[in-house]
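Here is a walk through one protein chain, from single residues up to the whole fold. Have the model open and follow along.

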Amino acid sequence: MANEKLKLMIVDDEYEIRQGLRSFDYSAFGIEVSDDCENGLFALKALELAPADILVTDIRMPLMDGLELAEKVAARYPHIKIIVLSGYDDFEYAKKCMKHGALDYLLKPLDFEEYEKVLAEAARLIDREKDVQERAAVLERKAKLSAHHLRRKFLRDLLQLAMTDEAIELESAFSEVMLEENGEYAVCLLRLDSYPDRPRGVGDKEWNLILFTLDNLIQDLWDEQGMGYHEVDDKGQISLILTNPDEVAELKRSPEHLRARMERIVLGLKRFRGLLKSHMSYVMGPTVAGPGRIRLSYREAGALFHAPSAREEEEQAASEAREETIGGELERENGHRLIEEAKRFVEENYDRTITLDDVARHVHLNASYLSFLFKEMTGQKYIDYLILYRIEKAKSLLKQTNYKIHEIGERVGYENPRYFTLVFKKYAKQSPVEYRNAFYQAESGGR
């Protein structure tokens, strides 16, 4: 691992420039070119599949320019060193890129002596900040966090299936989705006008890029704005689940409030019309009480689009879950042994996403029975035990280390920093920052 080369990605819409940069001899700096892309959007998708250490990007490109790319890369992959290629007319843009964490900018036509100096500086910084083994450990830890995939499945089930309250509570925790039992919700649907067909002339590769683009844009325009959660299906339909209680209250007072936000989202998507090759339309479902009724808002919104209603197998699935037999009774002593084994499994794996099914497989029990047995033996739900164990580990890290909040969240099994903060505050009655500050103040006051 010590001789592993640093990965460099080139992003420029001019083929000749990409080829020229590729032909440069990077071996003296311990660097190799891992990929080259013609715009920022393609680069962002490529980074999801294969991480890079250094990003060399032009500023002026179609679909997503270097400024927006630098901003998103700095937020999602803060370890990547960004080098910006700039024409004289792009100087102001280059300065903005520097604000987003770019290491340096170089003027075109490129002076390769200057390029060598910047590459050497990038390699030196990477080696100083983290050695290869630590970077590999971070990537391995991230790979273990499957909350993103669980979230997509849970949101899809929440929209389409009848789920028990217990199933919603468990799966929302595993998926890092914050839903209040007594909250109110609404679903908005957003579709390409070609739905359910693809826009004419769009192949598989381009369609996957469209779905990726929609997913990322809605993440920025909806989830990151604190509105709620979204799901993009394989036909391009976007489901926006409104969970923000203030926004739900405003919607009940005046539907025009949410319509104005939806219009802003549609407007934000228009700049990608050349890629989408379609206009977009939206409808809003009614407000419903409780997360178990979100599917009803989704169904009514779909009916407004004259679409087939959501699948009806939910009642059968729910009854099967209720009727699932617990099996033969275990002796109480054996039950305690199994629960202790389940706890050990949590203690050894709390730093990644673990579901009730994972634990049940480990102790060779049916998941429903394990849930019952855990509550029977401990007086505590499995999910509460897992969360409280993680919170205690997070408290120790907050007191004993200088890790950033998102790093601590990762180390105790949470992929999403915002969700980690919400859960910590719910159980600890303080945000992680407030908890750490209170500890430091108590420590300094006691000296």
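Let's start with glycine 40. Leaving aside neighbours within four places in sequence, glycine 40 is in contact with Val11, Met61, Met64 and Leu69, where contact means heavy atoms within 4.5 Å. Glycine 40 sits in helix α2 and is buried, with a relative accessible area of 0%. Buried here means under 20% relative accessible area, exposed means over 50% and partly exposed is in between, using a 1.4 Å probe and protein chains only. From C-alpha to C-alpha, glycine 40 is 8.0 Å from proline 62, though the two are 22 residues apart in sequence.

A word on the ground rules. This is a predicted model, in which local features need pLDDT of at least 70 and side-chain atom pairs count only at pLDDT 80 or more, while totals for chains, interfaces and linings use all residues. Residues are numbered from 1 along each chain as its sequence is written, and side-chain values use heavy atoms, with hydrogens and water left out.

Zooming out, the protein chain has 21 helices and ten strands; helices (H or I, at least four residues) and strands (E, at least two) are DSSP runs numbered from the N terminus. Of its 447 residues, 47% count as buried. Among contacts with a separation of 6 or more, 68% are between residues 24 or more positions apart.

**The parallel sheet**

Five strands make an open sheet with parallel pairing, in the order β2-β1-β3-β4-β5; two strands pair if DSSP finds at least two bridges between them. β2 (31-37) and β5 (104-107) are at the edges with a single partner strand each, so one side of each has no neighbour in the sheet. From one strand to the next, the twist averages 20 degrees. Inside the sheet, β3 (residues 54-58) and β4 (residues 81-86) run parallel and are joined by five bridges, with threonine 57 standing opposite valine 84 of β4.

The angles in the table run from 0 to 180 degrees between N-to-C directions, with axes being lines fitted to C-alpha atoms, for helices over the stretch in contact.

| Helix | Strands touched | Angle |
|---|---|---|
| α1 (residues 15-22) | β1 (6-11), β2, β3 and β4 | about 170 degrees with β2 |
| α2 (residues 40-49) | β1 and β2 | about 155 degrees with β1 |

What does the side chain of aspartate 58 make a polar contact with? The partner is the side chain of lysine 108, at 3.1 Å. A polar contact is a pair of N or O atoms within 3.5 Å; within protein, one must be able to donate a hydrogen and the other to accept it, and residues adjacent in sequence count only if both atoms are side-chain atoms. Beyond four places in sequence, aspartate 58 is in contact with Val11, Asp12, Asp13, Gly66, Leu85 and Lys108.

β7 (residues 228-232) is mostly covered, with five of its five residues buried. Five bridges link β7 to β8 (residues 238-242), and the two run antiparallel; tyrosine 229 has isoleucine 241 as its bridge partner in β8.

Leucine 242, in β8, counts as buried at 1% relative accessibility. Its C-alpha is 5.7 Å from that of methionine 227, 15 residues away along the chain.

Helix α9 (residues 204-221) has 18 residues and spans 26 Å from first C-alpha to last, close to the 26 Å expected at 1.5 Å a residue. The expected span is 1.5 Å times one less than the number of residues. Its buried residues include Trp207, Phe212 and Asn216.

**The cores**

A nonpolar core is a set of buried Ala, Val, Leu, Ile, Met, Phe, Trp, Tyr and Cys residues joined through side-chain atoms within 4.5 Å. The largest has 60 residues, of which Phe154, Leu158, Leu370, Tyr382 and Phe424 touch the most other members. Helix α18 (residues 382-400) gives this core its largest share, ten residues. Apart from it lies another core of 54 residues, among them Val11, Leu214, Leu258 and Leu275.
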